[in-house]
Amino acid sequence: MELMRGWPFVGRDAELASARACGSGEAIGVIIAAEAGVGKTRLAREILAGFEADGWHTGWVGATRALASIPFGAVAGLLPADRLPEEPGPSVLSLAADHVRARGARVALCFDDAHLLDRGSAAVLGHLAAHGLAFPVVTIRGDEPVPDVVTTLWKDGPARWIDLDPLPPAAVDQLIEHELPGGVEGVTRTQLHGIAAGNPLALRELLSGALADGTLRRTYGVWHFTGDYRPRGGIRQLLADRLHPLDPPTRLVLELLACGEPLPLAMLERLTDAASIEAAEGRGLAVSERAGERVLVRLAHPLYGELLRAGLSAGRARLLGSRLAGAALATPQRRRDDALRAGLWQVESGTVTRPDIVRVGARKAIDRADLALAERLARAARDAEPGIGADALLAEVLEYRGRSAEAAEVLSEVPPPGPERVRWALARSDTSYFGAGDVVAAEQALDLVAGGPGGDLAEGNRSWILMFDGRCSTAIETARRLLAWESANVQAVMWAAAAATASAGFLGRPAEMTYFYDRGHALAQAHVEEFPWSAVQLGIARCLGCLALGDLVTAWDVAEEGYRRTLSGPAPLMSAGWVGFRGLVECAQGRPVTAATSLGEAVTALKERDTVRLTGAFMAGLATANALSGDHAAARAWSDRAAQAANGANRLFAPWAVLGEAWARAAAGTLSDAVAAARESAALARDIDLPAVEARALYDVARLGYGAEPARMEELGERLGTPFVRALATAARGLAGMDGDALSAAATVFTGLGHPLLAAEAATTAARAYRRSGLTGKSALAMERAAALRGHCEGATTPLLDHGGTAVLTRREREVALLAAHHSSKHIAARLGLSVATVNNNLARVYAKLGISNRGQLAALVDGDGPLE
């Protein structure tokens, strides 16, 4: 209990209420049975605390193995020190009864770990309960022999028996968040759940040890594992007690499971014997379960595997790997992960006899997004059987891990002949484009196999590269040709469908986006075992397309569902892309705090796994999120990191990256520079024909307080016809003419599409427009609406959301005011390219309009809760 002190009591409300009710019912006590560390003692303490609050007298009896050898040792505290009997006997029961009677009419006593009670102490428990002298709250280990008196309490008492299950996932999350405030990487959270398995003691020890040795760290505000967990401290001793003593045959069963669980029962029986397997299950250390036509055996708790593996010598681990590999290779590789396991066991045995299976295993590891394992297997296969195919596989994995220079060194400069030529071309194109931003070299590599065997794969990959390069119309044309090819490779078609889905969104074509997504999704569902990545790629492409179209409701639903489904599936490492795009959606919604957590998780998770170089886009999103939160230093830092991450690839995201820079400048108070960046973003989008992105960038120019080229906005609205772009054009017109009705209409559309921040800005400005026109009723309603919308925006700050008197400042006056709160007139003049006299004149007008007289009052408005917040 000392270990758990300070942790909240969670996940046991039903059990607590049931036990408390027994105190006023017919039950004569409560028995709590659970595995060690699940929380039976904590529940007992909460039960007694409740009784004490109701006026009961309470006491605690703690049984231990040491006291079990002393008659009445556990209940010594219930006996008067001045009347201890010289030797055990019936008089002890009377003394205990008298002592308890003296406490009052209602007494509750906890007998903790009652399975360790000596016979005399157990007799005291039974005597007190039978005569109604005390209400016993008894805790026992569910896997230990129970004293007869406890069984009698339950059968004849009757006492209420509570089997305490492991904590539910929601309660485990509460404990994780209590210990790790802030964001926790999704994969790390999944690992914490898996290792602790609902055991709060195991979770506490896990967190304590991992924090102490740096295995668990916080990067960019997100907690994540940096290495493997090894049991330490009390939980290690507890597990060791369960695993000792073991006879050699039973230990062999457990060690094999530790190295390869779950194992088919038939395989385990060939490696050990049925009696030893039964002994391991009988001791509660292993469990078997049916999976289809097979019976699989695994360890009863994940921590057993961690402890057993930590105790294996290198030689012992290799021997076990050899036995597992031999058994696996002697059976057909029929199931999805058979080749992965057989390949890994060969590598762990130190002897690769079937490099072909190791190569297949590497591809299975890629399918699960476990690129570190894929690299290990690819290197082992290449060492065992060198060749062009092995080089291409290793280069492919290295490129997936973002290590393009190493991939290029491994890959031959000269394309090989024969069937390996296609794999070489695919690897070379990815290395050239995503690694070096050289789209010409990438397409040249694909041209080498175009029209021949594997040409469809090359075209599928080409469409993917074209989309990321911002050439969305060409990507769609390439995809259409491939989808019309009846004999095209399924993988190639799904690549093309994903590329076309996102491209159609960026071009403002929702009907086409739906068409391509549906085509690809049908194939992905039919081939999910063969191509598990395809469903993820298509989902992310749909999310990206909806984000570009401004349909944040659908984008959020797709991203959140994909993230949750992936984390709970066989390949949780695939979640990095999902959480990143979820963060971009949250940022667009105007939820900067939540967005920063999601994007920080993505940037952390993508380290050495950024296959298509998404980190820069997510860093730009972090710049925007921090700018909206008012943290201009963090916004500047993230914008700079995004610029440093750029290598010429992924022009699709370049306009978004520049918009991140615009908001970073706005957060620093240099609105004219911010507007220049937003206009640059719009120009970039127009140059590569991304009209939906151009419209958003032009509207950001207006949001920052400058003219938004209404004519171009109207043109884009007419050209695309999508609800979002039309609403942007309407809002831009409303801002330009202070038209309250236009702004209110735009706010309605923004709200329906999931843009609370844009809606709040439009409603706020509509209120000002109505007030200027003397329409006080409409102004009040608009302000009420704006306030409700701002409640969804996590404190986001933008120029259009400023309150009160700032509405009367000109753009230049506002820019000077924001800088003057912390800088001298000389500094401002140099920064804005003005004279000091011009700065001071603007500042004087600011003071007059805001009703203040000095920089101190101005700083209070900027930094506090005033109108310049």
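Reader: Which residue takes a positive phi just after α4?

Author: This is a predicted model. Just after α4, Gly 132 has a positive phi of about 65°.

Reader: And what span should α4 have at 1.5 Å a residue?

Author: Helix α4 covers residues 119–130, and its twelve residues should span 16 Å. Its end C-alpha atoms are 16 Å apart, so the model agrees with that value.

Reader: What does the side chain of Asp 118 reach at the start of α4?

Author: One of its side-chain oxygens comes to within 3.0 Å of the backbone nitrogen of Gly 120. Gly 120 is itself among the buried residues of α4, which also include Val 124, Leu 125 and Leu 128.

Reader: Turning to α26, how many of its residues are buried?

Author: Helix α26 is mostly covered, with 15 of its 18 residues buried. From first C-alpha to last, α26 (residues 532–549) reaches 27 Å, close to the expected 26 Å.

Reader: Now the largest nonpolar core: which residues touch the most other members?

Author: They are Phe 468, Phe 506, Phe 581, Phe 618 and Phe 653, in a core of 120 residues. Helix α24 (residues 490–506) supplies the largest share of this core, twelve residues.

Reader: What does Phe 468 touch, leaving out residues up to four places away in sequence?

Author: Phe 468 touches Tyr 433, Phe 434, Val 612, Leu 614, Asn 650, Arg 651, Leu 652 and Phe 653.

Note on methods: Residues are numbered from 1 along each chain as its sequence is written. This is a predicted model: local features need pLDDT of at least 70, side-chain atom pairs count only at pLDDT 80 or more; totals for chains, interfaces and linings use all residues. Side-chain values use heavy atoms; hydrogens and water are left out. Helices (H or I, at least four residues) and strands (E, at least two) are DSSP runs, numbered from the N terminus. The expected span of a helix is 1.5 Å times one less than its number of residues. Buried means under 20% relative accessible area, exposed over 50%, partly exposed in between (1.4 Å probe, protein chains only). A polar contact is a pair of N or O atoms within 3.5 Å; within protein, one must be able to donate a hydrogen and the other to accept it, and residues adjacent in sequence count only if both atoms are side-chain atoms. A nonpolar core is a set of buried Ala, Val, Leu, Ile, Met, Phe, Trp, Tyr and Cys residues joined through side-chain atoms within 4.5 Å. Contact means heavy atoms within 4.5 Å.
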